[in-house]
Amino acid sequence: DGTNALQLSAAEITRLQRTVGVPSARANANLRDRTFVKKLQAKVGTTRDGIWGPQTTRALQRHLNSVNR
């Protein structure tokens with residue numbers, strides 16, 4: 001199950017949502033929230049399958065690195 005590829009607290013997910021600019025479908029979204037993950041995947045330019053896995057992690061890292069330059 002790819003959703004275990006990254007473990008974040010609720011506060012870290014909220015910070016990630018703000019940084020990437022992807023609002024949650026629910027106030028308590030997590031990495032198993034397929035709607036949130038699909039929106040994030042679209043924003044970071046990876047396959048929108050709604051499953052958090054290594055490809056999503058790499059795309060997110062590339063995105064965050066480009067934003068922080």
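Tutor: A residue is exposed when its relative accessible area is over 50%, buried when that area is under 20%, and partly exposed in between. The structure is a predicted model, and these words describe its residues.

Student: Which exposed residues lie on the face of H1 turned away from its buried side?

Tutor: Ala11 and Arg18 are the exposed residues carried on that face.

Student: Which residues of H1 are buried, then?

Tutor: Ile13, Leu16, Gln17 and Val20 are buried in H1.

Student: How do you know that they are on the same side of H1?

Tutor: From their arc: they cover only 100° around the axis, which puts them on the same side of H1. As a general point, an α-helix has 3.6 residues a turn, so residues three or four places apart point the same way.

Student: What do the buried residues of H1 pack against?

Tutor: They pack against H2 and H3.

Student: Why is valine 20 called buried?

Tutor: The cut-off for buried is under 20%. Valine 20 has a relative accessibility of 3%, so valine 20 counts as buried. Its place is in helix H1.

Student: Which residues does valine 20 touch, not counting those up to four places away in sequence?

Tutor: Valine 20 touches Lys43, Val44, Leu60, His63 and Leu64. As for leucine 40, its C-alpha atom is separated by 7.5 Å from that of valine 20, and the two residues are 20 apart along the chain.

Student: What is in contact with leucine 16, leaving aside its neighbours within four places in sequence?

Tutor: Leucine 16 is in contact with Leu8, Gly21, Leu40, Trp52 and Leu60.

Student: Which residues have the most contacts inside the largest nonpolar core?

Tutor: Leu16, Val20, Phe36, Leu40, Val44, Trp52 and Leu60 have the most contacts inside this core, which has 13 residues. Helix H1 (10–20), helix H2 (34–44) and helix H3 (54–67) each supply at least two residues of it. H2 gives the most, with four residues. In soluble globular proteins, nonpolar side chains tend to be buried together.

Student: What makes the buried residues of H2 line one face of the helix?

Tutor: Phe36, Val37, Leu40, Gln41 and Val44 are the buried residues of H2. Down the axis of H2 they fall within an arc of 130°, so they line one face of the helix. These buried residues pack against H1 and H3.

Student: Why does glutamine 41 count as buried?

Tutor: Glutamine 41 is at 0% relative accessibility, so glutamine 41 counts as buried. Its place is in helix H2. Leaving aside neighbours within four places in sequence, glutamine 41 is in contact with Thr46, Thr47, Arg48, Asp49, Gly50, Ile51 and Thr56.

Student: Why does aspartate 33 count as buried?

Tutor: The same cut-off of 20% applies. At 6% relative accessibility, aspartate 33 falls under it and therefore counts as buried. The place of aspartate 33 is in the loop between H1 and H2.

Student: What does a side-chain oxygen of aspartate 33 reach at the start of H2?

Tutor: It reaches to within 3.1 Å of the backbone nitrogen of threonine 35. A polar contact needs N or O atoms within 3.5 Å, so a separation of 3.1 Å is inside the limit. Just after H2, glycine 45 takes a positive phi of about 80°.

Student: Why is glutamine 61 called partly exposed?

Tutor: Glutamine 61 has a relative accessible area of 43%, so glutamine 61 is partly exposed. Glutamine 61 lies in helix H3. Its C-alpha atom and that of valine 44 are separated by 8.8 Å, and these residues are 17 apart along the chain.

Student: How many helices and strands are there in the chain?

Tutor: There are three helices and zero strands. Buried residues make up 33% of the 69 residues.

Student: Where is confidence lowest and where is it highest in the chain?

Tutor: Confidence is lowest in H1, with a mean of 77, and highest in H2, at 89. The chain averages a pLDDT of 78, and 77% of the residues score at least 70. Where pLDDT is low, the predicted coordinates should not be read in detail.

Definitions and conventions. Residues numbered from 1 in each chain as written. Heavy atoms only, no water. Core = buried A, V, L, I, M, F, W, Y, C linked by side-chain atoms within 4.5 Å. Buried < 20%, exposed > 50% of the residue type's maximum accessible area, 1.4 Å probe, protein only. Contact = heavy atoms within 4.5 Å. pLDDT = per-residue confidence, 0-100. Arc of directions from axis to C-beta. Polar contact = N/O pair within 3.5 Å; in protein donor to acceptor, adjacent residues only side chain to side chain.
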